[in-house]
Amino acid sequence: MTQVIVLNGGSSSGKSGIVRCLQAILPDPWLALGTDTLVEAMPASMQTSDGGIEFASDGEVVVGPEFRALEAAWLEGVAAMARAGARVIVDEVFLGGADSQQRWRKALGELPVLWVGVRCDGAVAAGREVARGDRIIGMAASQAEAVHQGVEYDLEVDTVHAESMECARSIAAHVK
């Protein structure tokens, strides 16, 4: 039985909308956690130190060793919740592509995971980014393809050609 759904896609690709739709249509309660959850839980000083996480003015995201240490603990915590019986949807941005997926694979171990790639054309994501008004301009375009490099998926959805609910239904059909 699927215990964890990992959605990976760039900023403004539509992951959060898909997560909300999944929570609405899946028969059991699912927790929604994501990289934004982790960043928001960190002290503000993590965004001003070299060891933390930096959001450059051009949209580039740079992470340091202090961030990686907290991220590792967070990954283990998410895995522990799933092992304790919670069903979890993870809204992620694999800045390191395959290396990011490997960190999750290590933490999740034997848990049954559905790996989902959330694709969105960079230009479309950039337009959403501007419309949202809460993101650094350039982040969506720079992440649109980079987050998928070397990542292996069970399923991919494309939010340019399908609305969030349609994507969620496609994903839900693969949940065991």
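Mentor: β2 and strand β5 (residues 87-92) pair in the parallel sense over five bridges. Strands here are DSSP runs of E with at least two residues, helices are runs of H or I with at least four, and both are numbered from the N terminus. Two strands pair if DSSP finds at least two bridges between them.

A word on the source. This is a predicted model, where local features need pLDDT of at least 70, side-chain atom pairs count only at pLDDT 80 or more, and totals for chains, interfaces and linings use all residues. Residues are numbered from 1 along each chain as its sequence is written, and side-chain values use heavy atoms, leaving out hydrogens and water.

Now the whole sheet. Five strands form an open sheet in the order β2-β5-β1-β6-β7, with parallel pairing. β2 (30-34) and β7 (155-158) are at the edges with a single partner strand each, so one side of each has no neighbour in the sheet. From one strand to the next, the twist averages 20°. Angles run from 0 to 180 degrees between N-to-C directions, using axes that are lines fitted to C-alpha atoms, for helices over the stretch in contact.

Next, the helices. Helix α1 (residues 15-25) packs on the sheet and touches β1 (4-8), β2, β5, β6 (113-119) and β7. Contact means heavy atoms within 4.5 Å. The direction of α1 makes about 165° with that of β5. α3 also packs on the sheet, touching β1, β2 and β5. Its direction makes about 175° with that of β2.
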